[in-house]
Amino acid sequence: MNAGKDVYCEKPMVQHIDDGKAVVEAWQKSNRIMHVGSQRVSSVVYQKAKDLLKSGAIGELNMVEAWWDRNSAIGAWQYSIPPDASTATCDWDRFQGRAPHVAWDAKRFFRWRNYRDYGTGVAGDLFVHLFSGMHFVTGAIGPSRVYATGGLRFWKDGRDVPDLLLGLYDYAATEQHPAFNLVLRVNFEDGSQENSGFRFIGSEGIMTIGSGVTISKSPSSSEPGYTVDTFAKATREEFLREYHKQYPSQRANADSMRPERDEKYLPPEGYSDHFEHHRVFIEAVRSRKPVVEDPVFGFRAAGPALLSNISYFEQRMCTWDPKTMALG
């Protein structure tokens, strides 16, 4: 950017949380286009979810669950190593960058996501996608508290990052959304096929995001219900008489049965949010119009993901100021 270039940057935007502000400042000073590579923010699926949430389709949001489960060697970063791999065919010194320099190791070079020296583990690879999608849908900018736990449960292949990670995040209320909690999970050995998604849990329904968007509702009853089994018989009978006077239409009959319904929205056949995300960048380069996933958005997704690693490895809760993008 300092050299006048527009930038497409894969997620997470930075490997180390201390680098985030420098990237943001370079972008602000250079007035260049910078687009961070989490494709959900360019997806028509997530735009539909955003519109539905804003319209009150599930009432008031109070919790979000997100997951990404894998059950394959490639999914767990066991990438293939070419038989001719050596320092003659791989620029090992350049690859190591500012990481501690060690002797040539083809596994560390080709399976770099498994090592803290070069990658960002489960949180930086996959949590950041979930943060990006959720922030886009809700308008949230980040949590105030971060706690993560998990462990290395199956892929004990020399990696120094967990293959199971669970995260809990507190989001404060803003003008865009009420306070809510986020639960994230990534598991690299779940006994099933790979799947990922979201459940947005509201006061009037649940919105699920997978290949499309589903709204599930069961219309709530206006009656509060009662627990009178332990009342004396006369007291119970008096309570029920008054209760049914107040809620006459709620007595058990055919009309009191409430329907359940799901609304499903699917993208066009063959739609690719990967393609769309790159198209958005190219269009921005040509038009000079800003992108959604600029460095501020990108760091607000990367920040809590990287804090998840800090929380996990240091076994503590972390605080974060999402407005200033700084540790609390």
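**Figure 1. The largest pocket of the predicted model and its lining**. The largest pocket holds about 400 Å³ of space. Its lining comprises 20 residues, and those nearest the centre of the pocket are Gln39, Arg40, Gly210, Asp273 and His274. Two or more lining residues come from each of the helices α2 (44-54), α5 (121-138) and α7 (273-287), and likewise from strand β7 (195-202). By class, the lining of the largest pocket is made up of 9 polar, 7 nonpolar and 4 charged residues.

**Figure 2. Packing of helix α1 against helix α8**. Helix α1 spans residues 20-30 and helix α8 spans residues 295-314; their axes lie 9 Å apart and form an angle of about 170°. Because angles over 145 degrees count as roughly antiparallel, α1 and α8 are therefore roughly antiparallel to each other. On the α1 side, the contact is made by Gly20, Lys21, Val23, Val24 and Trp27, while α8 contributes Pro295, Val296 and Phe299. In this contact of α1 with α8, 6 residues are nonpolar, 1 is polar and 1 is charged.

**Figure 3. A salt bridge between Arg288 and Asp6**. The whole structure contains 16 salt bridges. In the pair shown here, the side chains of Arg288 and Asp6 meet with an N to O distance of 2.7 Å.

**Figure 4. The cis peptide bond from Lys11 to Pro12**. The peptide bond that joins Lys11 to Pro12 is cis, and its omega is near -15°. Pro12 is placed in the loop between β1 and α1.

Figure 5. Gln315 belongs to the loop between α8 and β11, the latter strand covering residues 318-321.

Note on methods
Residues numbered from 1 in each chain as written. Predicted model: local features only at pLDDT ≥ 70, side-chain atom pairs only at ≥ 80, totals over all residues. Heavy atoms only, no water. Axes fitted to C-alpha atoms, helices over the stretch in contact; angles between N-to-C directions. Helix = DSSP H or I, 4+ residues; strand = E, 2+ residues; numbered from the N terminus. Parallel < 35°, antiparallel > 145°, perpendicular 65-115°, else oblique. Contact = heavy atoms within 4.5 Å. Nonpolar A, V, L, I, M, F, W, Y, C, P; charged D, E, K, R; others polar. 1 Å grid on protein atoms, 1.4 Å probe; cavity = no way out; pocket = protein on both sides within 12 Å on 5 of 7 lines; lining within 4 Å. Points joined across faces, edges and corners; volume = space filled by probe spheres on them. Salt bridge = Lys/Arg side-chain N within 4 Å of Asp/Glu carboxyl O.
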